Amino acid sequence: MSSQKQAVPPTPLLEEKHNGIPARLFDKAQKTKARILDIATKTQVTRRREPAIPQGIEKGKFLEALEDLSRQLRKENVEIVDKPLKDGWYMENPNTHDSMHVLDDEEFIASAIVYPGDTAEVQKIVLWANKHHIPIFPISIGRNFGYGGAAPRVRGSVVVDLGRRMNKILDINPDDCTCLVEPGVTFYALYEEIQARGYKHLWIDVPDLGGGSILGNTLDRGVGYTPYGDHWTFHSGLEVVLPTGEVIRTGMGALPNNNSWQIFPYGFGPYADGIFSQSNFGIVTKLGMALMPDPGGYESYLYTFQKEEDLTQLVEIIRPLRIANILENVAQLRHVVEQIACLGKPRSTYWQGEGSMPDDVIHEVAKSLSHGDCTWLYYGMAYGPKEIRQYKLDIIHKEFMKIPGARRIDPSTLPKDDYFWSRDRIASGVPDLEELAWVNWHPNGAHIAFSPVSPVRGVDATKLWKIAKTRCNENGLDLFPTYVVGLREMHLIVEIVFNRDDPKMRKAIHDCMRAMIDDAAKEGYGEYRTHLAFMDQIAGTYNWNDNALMKFNQRLKDCLDPNGILAPGKSGVWPARYRGRGWELTKEGRETSEGNGVAPPSASTKL
Ligand code: EUG
């Protein structure tokens with residue numbers, strides 16, 4: 001580490017900014033930021049840039065349209081993106097582009113940012129986009145790290161930054177254990193507010209990093225680590241601005257004067273919520289969520305398993321226990337190399353060679369970890385009063401110890417700052433920042449995730465692991481695999497860290513991702529979520545019955561968004577005006593994310 005430590009500019013606090021860091025985590029944020037800056041080498045361009053004008057409109061017309069919008073929303077709520085791009089870092093994330101860019105940073109980029117203050121202003125923006133035929137792309141907080149951040153799929157889209165001004169916690173109901181939030185409410189913010197109001201009996205469910213939008217993460221079907229870890233399952237009620245400007249409320253929200261919006265998700269009739277998740281069919285402006293009551297005690301546990309091959313037997317043990325709820329939370333089954341990276345040091349600390357870090361080096365370094373060398377680690381939590389926890393813990397212990405070489409790590413032997421305690425906070429609903437440590441594996445560290453869904457079966461888990469390992473090794477990349485254990489499936493999250501200032505490495509990542517997606521699809525596996533650059537390819541693998549699902553999605557898209565203004569290309573769903581013009585990104589080595597123009601709007605779709 002460099003010795004000439006420079007003063008690290010302070011991370012904005014949650015009190016000052018809707019997307020800031022809670023005061024209790026300020027020191028950790030400063031330390032994390034210092035570590036990132038310490039090894040950063042990418043020079044930030046300082047010259048002004050030309051704004052990226054979206055295809056289908058001339059620059060002059062576009063600038064006039066922006067003037068029109070400035071008049072409607074006030075000048076300070078419309079910003080043109082013509083300044084140098086700043087990548088920032090997790091806590092000071094850009095809303096202009098993907099700071100974790102696997103393609104060139106000018107590819108997935110906004111032409112302008114607008115900041116609506118309420119649902120009525122979101123409607124105005126949507127009507128404006130229809131009038132001028134300008135693509136818009138909504139974000140909540142815009143972190144979504146590893147999947148494209150705040151960036152739009154179509155170059156030059158106008159990013160609608162909902163979070164900056166729409167960040168109210170509209171309700172916390174301590175009796176029903178529910179909440180209702182706007183897009184700009186982060187996991188950090190809700191947690192702090194619940195503490196401030198003294199609702200000691202209410203827990204929230206949080207992902208590994210707490211800076212994301214609850215609404216945005218839930219719509220993208222993100223995960224957390226309490227028994228309420230599947231966020232989409234635990235939501236109830238949406239308010240949505242449709243691409244043509246109408247506002248709807250789903251579920252019980254459609255019934256005037258109801259008091260059940262956040263407790264019964266379905267309401268009456270067709271259940272619409274699903275089409276607004278990972279989609280471009282509407283802009284969600286309110287979201288209800290269930291909160292978990294404090295279970296009356298909790299206890300983290302960690303088991304380690306020696307051999308790579310143990311994965312097969314271990315996953316077979318996990319399945320019945322998880323379905324029966326003896327394993328109660330969305331746990332993580334991690335590879336030891338990620339624990340090494342969690343120390344926050346670059347990989348050059350341990351290995352200076354070319355290509356993937358060899359297994360023997362990983363295991364040599366792992367000997368110095370608090371839990372010693374191993375290959376897999378299961379971080380779980382038992383909930384409830386002591387007697388109830390013990391009943392479950394005894395079963396878990398008996399089952400896990402069937403694997404030769406398995407060890408239970410005694411938490412009392414672990415230092416206060418051990419990674420274990422971060423997992424302990426997260427699985428008990430306390431948002432943290434610890435997981436970011438591994439972006440330092442490379443200087444200018446960015447990351448991308450390959451996230452296939454696996455049955456909780458030994459053979460499937462092992463097959464996916466082999467696909468990922470083979471392809472990463474072939475491309476000379478290190479991989480950080482984590483199985484996120486749902487109830488009847490697991491998300492295998494393969495995080496790949498890369499130096500975003502190294503075009504060769506970015507190309508290797510790109511090739512590797514494409515290959516893993518294809519390999520997995522050949523074996524019948526698909527991803528639960530992905531980065532902008534891979535949405536077309538993955539959508540293409542969900543092609544049963546002659547692409548019937550995509551045809552259905554396109555029909556919905558054309559009906560709900562006849563001008564094709566809302567997030568074109570999101571999840572591989574392209575509006576009619578873009579189809580057949582080569583916008584899809586499916587192959588290696590493509591130089592541009594753009595297609596060949598857009599069709600002129602048809603006269604019949606004037607709103
Ligand atoms: C993780 C990361 C994800 C995700 C689910 C879990 C956890 C990493 C970047 O995406 O979708 C440790």
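Predicted model: local features only at pLDDT ≥ 70, side-chain atom pairs only at ≥ 80, totals over all residues.
**Domains**

Let us begin with the overall layout. According to the domain assignment, the chain holds domain 1 (1–38), domain 2 (169–293), domain 3 (298–537) and domain 4 (538–603). How far apart do the C-alpha centres of domain 3 and domain 4 lie? They are 34 Å apart. Across the boundary, 13 residues of domain 3 touch 17 residues of domain 4. The two domains bury about 1,300 Å² between them, and 55% of that area is on carbon and sulfur atoms. On the domain 3 side, R514, M535 and D536 lose the most area to domain 4, together accounting for 48% of what that side buries.

The table sets out the geometry of each pair.

| Helix pair | Axis distance | Crossing angle |
|---|---|---|
| α6 (residues 310–323) and α11 (residues 458–474) | within 7 Å | roughly 140° |
| α2 (residues 59–73) and α3 (residues 119–132) | 11 Å | about 160° |
| α11 and α12 (residues 503–522) | 9 Å | about 150° |

**Helices α2 and α3**

With their axes packed at an angle of about 160°, α2 is roughly antiparallel to α3. Their crossing is right-handed. From α2, the contact is made by A65, L66, D68, L69, Q72 and L73, while α3 brings in E121, K124, I125, W128, K131 and H132. Sorted by class, these contact residues are 6 nonpolar, 2 polar and 4 charged.

**Helix α11 and its partners**

Take α6 as the partner to start with. The crossing of α6 past α11 is right-handed. Here L311, T312, V315 and E316 of α6 meet G458, V459, A461, T462 and W465 of α11. The residues in this contact comprise 5 nonpolar, 3 polar and 1 charged.

Now turn to α12. On the α11 side, L464, I467, A468, R471 and C472 take part, and they meet C512, A515, M516, D519 and A520 of α12. That contact has 8 nonpolar residues, no polar ones and 2 charged.

Terms used:
Residues numbered from 1 in each chain as written. Heavy atoms only, no water. Axes fitted to C-alpha atoms, helices over the stretch in contact; angles between N-to-C directions. Helix = DSSP H or I, 4+ residues; strand = E, 2+ residues; numbered from the N terminus. Left-handed = near helix turned anticlockwise from the far one by under 90°. Contact = heavy atoms within 4.5 Å. Nonpolar A, V, L, I, M, F, W, Y, C, P; charged D, E, K, R; others polar. Domains from an automatic or database assignment. Buried area = accessible area lost by both parts, 1.4 Å probe. Parallel < 35°, antiparallel > 145°, perpendicular 65-115°, else oblique.
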